[in-house]
Amino acid sequence: MKKSKKHSRIKSLYEVLLCALLAGSLFACQKHESAEAENPKYVIGVVTKSRNSEYWMSVCSGMEKAASDLGASVIILSPDTETDEKTQQQMIGSLLKKDIDALAVSPINSHNAKDYLKKAEEKGIQVVSFDTKILERGVPYIGIDNEKVGRDLAEYMAGQMKKKGIAGIISGNLKQSSHASRMKGFKDYIEKNTDIKIAFTESGYSNLRMPEKEISRLMREHPELNGIFATSAVTALGIMEYMEDRPVLIATVDAQEDALDAVKKGRIGALAYQPGYEIGYETVRYIVNQKEGKKQPEQKIIKVDLKIKPQK
């Protein structure tokens, strides 16, 4: 019996608001079918790092729209935080037990994929990575060039600081290739092209705010600090609030509207605006093209817009 559109909308609302019980004590927001896909050509399992930020919600929206446009269906599972690797691994395992045609993963740990890649291969399920690379040979990647983003932000910061002074890096979890690559690109540019000293590197803040006491400690230890590169905009926004009365230049990455607003107001110096919706859409399109035998490069690199604070 065909469900009414009203019933589908109500069901969709409950699926967004409620969390489905997974593996006994695990909770994950999930959507079983993309809109309008009653008889999908392909069912795609998706595991994000989380769905608790504007960026991740936009990624999921892009996937759902692409599935609707291309006649596919997506099952999206999301841990509560970007640090919960155990939950993410269990979600991947749960999806591999379902009747899916492909699996898309944004890994919390880019280096820990061999087991689920082997299971997927045994079942004939193709796997792609998005947003963050799975560092295993032959796994396609859809997302931005994170190392280039780091270099571009370093070049901007170096120009503003006249290639001298003191800078610091506050990074997300370095098990995630996206954060590690951003940091590498930033450090490589600074070390090869400037006299700027990188005074500290703090890691582990993947879409998390740094505690105020930690920021205070860094400021006490480095009172002459001129700039901070944060690999996540959520982290950068927290730093920005604490630094309001200090002339410290902040550069960061993500698709947060509040971070973009902070750039417009001159409170953040530069934002590499990572287009979450496009990454989500292109991930589903890539999988559908692959299933239909279309030739594609192993990496689909999405363009990043560099937003710069207004010049006085």
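Is Tyr55 buried or exposed? Tyr55 is buried, because its relative accessible area is 2% and the cut-off for buried is under 20%. The model described here is predicted.

**Aromatic residues**

The count of aromatic pairs comes to four. In one of them, the ring centres of Tyr55 and Trp56 are 5.0 Å apart and the planes stand at 70°, so this pair is edge-to-face; the cut-off for that class is over 60 degrees. Trp56 is also a buried residue, with a relative accessible area of 1%. Ring pairs join Phe130 to Tyr55 and Trp56 in a cluster. Elsewhere, a charged side chain meets a ring: Lys133 is placed over the face of Tyr141, and the distance to the ring centre is 5.4 Å.

**Accessibility**

| Residue | Relative accessible area | Class |
|---|---|---|
| Tyr55 | 2% | buried |
| Trp56 | 1% | buried |
| Gln126 | 17% | buried |
| Lys41 | 48% | partly exposed |

Gln126 belongs to strand β6, which covers residues 126-130. Its relative accessibility is 17%, so Gln126 counts as buried. Leaving out residues up to four places away in sequence, Gln126 is in contact with Asp101, Ala102 and Leu103, and also with Ile287, Gln290 and Lys291.

Lys41 is found in a loop, between β2 (26-28) and β3 (43-47). At 48% relative accessibility Lys41 is partly exposed, because this class lies between the limits of 20% and 50%. With residues up to four places away in sequence again left out, the contacts of Lys41 are Leu70, Gly71, Asp101 and Glu292. The C-alpha atom of Lys41 is 8.9 Å from that of Val288, although 247 residues separate the two along the chain.

**Packing of α7 and α8**

Two packed helices are described by the angle between their axes and by the distance between the axes. For helix α7 (residues 212-221) and helix α8 (residues 233-242), the angle is about 65° and the axes are 10 Å apart. The crossing of α7 past α8 is right-handed. On the α7 side the contact is made by Glu212, Ile215, Ser216 and Met219; on the α8 side, Gly238, Ile239 and Tyr242 take part. By type, the residues of this contact are four nonpolar, two polar and one charged.

How values were computed
Residues numbered from 1 in each chain as written. Predicted model: local features only at pLDDT ≥ 70, side-chain atom pairs only at ≥ 80, totals over all residues. Heavy atoms only, no water. Axes fitted to C-alpha atoms, helices over the stretch in contact; angles between N-to-C directions. Helix = DSSP H or I, 4+ residues; strand = E, 2+ residues; numbered from the N terminus. Left-handed = near helix turned anticlockwise from the far one by under 90°. Contact = heavy atoms within 4.5 Å. Nonpolar A, V, L, I, M, F, W, Y, C, P; charged D, E, K, R; others polar. Phe/Tyr/Trp six-rings, centres within 6.5 Å; stacked < 30°, edge-to-face > 60°. Buried < 20%, exposed > 50% of the residue type's maximum accessible area, 1.4 Å probe, protein only. Lys NZ or Arg CZ within 6 Å of the ring centre and 35° of its normal.
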